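Please keep the sequence and the model in view while reading.

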Protein chains: 2
Amino acid sequence: MSIEFQFDAQAGTARAGRLLTPHGEVETPVFMPVGTAATVKSVPQDVLEELGVQILLGNTYHLYLRPGVETVRTLGGLHRFMAWPRAILTDSGGFQVFSLNELRKVTEEGVTFRSHLDGSSHFFTPESAMAAQIGLGADIIMAFDECTEYPADRSRTQASMEMTLRWAERSKKYFEEHKREVPWNQYPVPSTQRQEKGAVAGNWVLGTGCSTQSLFGIVQGGMDLALRKESAERTVGIGFPGYAIGGLSVGEPRERTREVVEATLQYLPSDKPRYLMGVGTPEEIVEYASLGIDMMDCVLPTRAARHGLLFTSEGKISIKQARYTEEEGPLDPNCGCRVCRRYSRAYLRHLYASNEVLAQVLNTLHNLSFYLDTMRRVRHSIRLGEESRFLSGLWSQPKP
Amino acid sequence: MSIEFQFDAQAGTARAGRLLTPHGEVETPVFMPVGTAATVKSVPQDVLEELGVQILLGNTYHLYLRPGVETVRTLGGLHRFMAWPRAILTDSGGFQVFSLNELRKVTEEGVTFRSHLDGSSHFFTPESAMAAQIGLGADIIMAFDECTEYPADRSRTQASMEMTLRWAERSKKYFEEHKREVPWNQYPVPSTQRQEKGAVAGNWVLGTGCSTQSLFGIVQGGMDLALRKESAERTVGIGFPGYAIGGLSVGEPRERTREVVEATLQYLPSDKPRYLMGVGTPEEIVEYASLGIDMMDCVLPTRAARHGLLFTSEGKISIKQARYTEEEGPLDPNCGCRVCRRYSRAYLRHLYASNEVLAQVLNTLHNLSFYLDTMRRVRHSIRLGEESRFLSGLWSQPKP
């Protein structure tokens, strides 16, 4: 058992299905909240469960630096470390290192970078990135890639894409040789996973050693549609149980993103999960799901929440504005989340204006709830065959 | 209906009972978490309810500055503003202003002080402090007092005490003339309060105008036992439905605090609630409850949590220490709170070391849970008549 993907409904290019992982089922299309340092900032894990989160994203770069892969491995892997029994995906660290700009140096062998925490020097290769991700033990891990900068000319984009392909081969080779070392096979896994059998240890069941992680490939190729096609075909040629579209949301116009996504998707096998990395706004995640994307992740709902930017069925709200000082109504009258059920806009505005931590807690909870509800409605619409309607109906434009 | 106090069990000097307020019942002895700016920092109100919090403390000084009394009054008072249907007590602002040190000036009329937020100048009198607390609309409000500094000589202590007594008279006079202006009487109050009858408005019931706040007097007198006796007797002479012991925890040795508390308690009527302001550690709250104190409040559990200091049945833990990096066990094996049920010390240590907001959320939740459990056990012990045992048994000293 690693993963299994089934879709059972289609509406146009969109599809709804489920991804079976060693840590439970994930309904797709899915939006994955980002839990950078083994926490979705400010939200306890039981609240994530209540929100219906079925899969989280962890950042290998951050976890590698702190608390360190060996610590997480020693404690049984990321699921056990952060007390999260459901599915996890880790990125490869490539994009995070890419974001460091002046702190990194890329060669064929790998990437030298300096820690943003203490300036210490580190070296990631496809092999070490796989080793780190195996040690962390997410259900889905990502090949080590180079995220091509934007803008980049054709020859630069092609050279970068070629290196990502060579790194994909190296990632796969290392993974295949070491995938049995995942910490679940040495340590207990949650008893909620019915596919595992073994002796009960507290709430956890000892692994039988028969489940492994899944390694996804990443398509690059910048904004060049021919290179995207080539990257997709050659990545599929290497062979992975799922494919991601990387190198987008790096500064290009949104229309360009959509164009590249559409162009790339047609070269990805429809029977494998398709993951668009690092998107997007609520409108965008609906749009990409309608194109046939199965998985997405983005820091937007959680990061925007920390800045008081809240997504509602009536458009975006900046809760810091003085106009909300005495507004008794809920943040979003159409939202059933804990925050909208209990608190007024006036109270949320007060918390934000007073720099209270509860502002971040409640704002994050609402934004995540909004994103998850949006995807729930997307899946429902696909099952109803409403492809043409859900795009226009699910997300109202902000009122003027 | 304002408040009603009944105690139904005694063990030595300790007593267990209940305080009936316009916003529900409070089991005593009670520890009141501090919700300075209409939030117990980082903890959502539903979690406070789950923890069994029956009464919260709000700080008039902070709420007066932000969001302002008029905003809170306009929104129906503090209960409605912060979506907290249970009881609330506000302090008078006197102690907060006292803490400002160089930013304040005291005269017979009142206190001039500068805001810690923007340096603006403000003036509190007994009358304006009552007006503010009536506007905020807590169930229990406090007379405006001067917290005598420590150390202070006898004549200074006496003069300060005399002024507090004059201010107590002025507080009571203003309160009696204005107590019908509490916002519950103009605005809906929670439907969970069975003592209120009226038309249902959402989850709230329109007030019938028959319930009011209760004003407690505050005993001062510094560390001088004779002055404490005089202050207690003359405050009781003025007449309040409850009495607080103020002016302690201002730097004096702990033995002195206990001595003053014991000396003061004997001059306070046993049929009225007795509130010791601003204490204490878990050992101390058990000790003061055993002396016959009914109510306590302190920022310690919440503030210590933010600094990674956690109270457990095995003593205090500083979770930032590297020794916890790979500790798989729960924070407190004898605690049944959400944090101890789910997370390891290693994970809590990681969150703290990574400056994650979830560290504050979980640490605060545990410490509050520990305090509330401690008081629950105190009440249970009193009911069992175990006065002599609970002091020694409820709180184990930290292991060496």
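Two strands count as paired if DSSP finds at least two bridges between them. The model described here is a predicted one.

**Strands of chain A**

Strand β18 (residues 309-312) of chain A and strand β19 (residues 315-318) of chain A run antiparallel and are joined by 4 bridges. F311(A) has K316(A), in β19(A), as its bridge partner.

Another set of strands involves β2(A). Strand β1 (residues 4-11) of chain A pairs with β2(A) in the antiparallel sense, over 7 bridges. Within this pairing, E4(A) has L20(A) of β2(A) as its bridge partner. The hairpin of β1(A) and β2(A) has 2 residues between the strands, and G12(A) takes a positive phi near 65 degrees there. β2(A) also pairs with strand β3 (residues 24-28) of chain A, again in the antiparallel sense, over 5 bridges. Here T21(A) has G24(A), in β3(A), as its bridge partner. A hairpin of 2 residues leads from β2(A) to β3(A). Strand β2 (residues 14-21) of chain A is mostly covered, as 7 of its 8 residues are buried.

**Buried places**

How many residues of helix α6 (residues 126-136) of chain A are buried? The count is 8 of the 11, so the helix is largely enclosed by the rest of the structure. Among the buried residues of α6(A) are P126(A), M130(A), I134(A) and L136(A). Just after α6(A) comes G137(A), with a positive phi of about 80 degrees.

In chain B, G58(B) is part of strand β5 (residues 55-58). G58(B) has a relative accessible area of 2%, and burial means under 20%, so G58(B) counts as buried. Leaving aside residues up to four places away in sequence, G58(B) touches G35(B), T36(B), I88(B), L89(B), T90(B) and D91(B). T36(B) is 22 residues from G58(B) along the chain, and the C-alpha atoms of the two are separated by 4.9 Å.

S42(A) sits in the loop between β4 (30-32) and α1 (45-51) of chain A. S42(A) is buried, with a relative accessible area of 0%. With residues up to four places away in sequence left out, S42(A) touches Q360(A), V361(A) and T364(A) as well as V357(B), L358(B) and V361(B).

**Where the chains meet**

In the interface, 40 residues of chain B are in contact with 40 residues of chain A. The two chains bury about 3500 Å² between them, with 51% of it on carbon and sulfur atoms. Of the area that chain B buries against chain A, 17% comes from R342(B), Y347(B) and H350(B), more than from any other three residues.

The rule finds 24 residue pairs in polar contact across this interface. On the side of chain B that touches chain A, the elements that each supply at least two residues include α1 (45-51), α12 (338-342), α13 (345-353) and α14 (357-383). That side of chain B consists of 20 nonpolar, 10 polar and 10 charged residues. Across the interface there are also 8 salt bridges by the rule used. One salt bridge links D46(A) to R338(B).

**Salt bridges**

Over all chains, the count of salt bridges comes to 60.

| Residue | Partner | N to O distance |
|---|---|---|
| D46(A) | R338(B) | 2.5 Å |
| R256(A) | E259(A) | 2.8 Å |
| E25(B) | R18(B) | 2.5 Å |
| R170(B) | E127(B) | 2.9 Å |

R256(A) and E259(A) are both in helix α9 (residues 254-265) of chain A, 3 residues apart, about one turn of the helix. Residues three or four places apart in an α-helix point the same way, because the helix has 3.6 residues a turn. R256(A) is partly exposed at 26% relative accessibility, and E259(A) is partly exposed at 37%.

In chain B, E25(B) is partly exposed, with a relative accessible area of 31%, and R18(B) is partly exposed with 21%.

R170(B) belongs to helix α7 (residues 154-178) of chain B and E127(B) to helix α6 (residues 126-136) of chain B, so their pair ties together parts that are 43 residues apart in sequence. R170(B) is buried, with a relative accessible area of 18%, whereas E127(B) is partly exposed at 24%. Elsewhere, salt bridges with shared partners join R254(A), R258(A), E262(A), E284(A) and E287(A) into one network.

Notes:
Residues numbered from 1 in each chain as written. Chains lettered and ligands numbered in written order. Predicted model: local features only at pLDDT ≥ 70, side-chain atom pairs only at ≥ 80, totals over all residues. Heavy atoms only, no water. Contact = heavy atoms within 4.5 Å. Buried area = accessible area lost by both parts, 1.4 Å probe. Salt bridge = Lys/Arg side-chain N within 4 Å of Asp/Glu carboxyl O. Polar contact = N/O pair within 3.5 Å; in protein donor to acceptor, adjacent residues only side chain to side chain. Nonpolar A, V, L, I, M, F, W, Y, C, P; charged D, E, K, R; others polar. Buried < 20%, exposed > 50% of the residue type's maximum accessible area, 1.4 Å probe, protein only.
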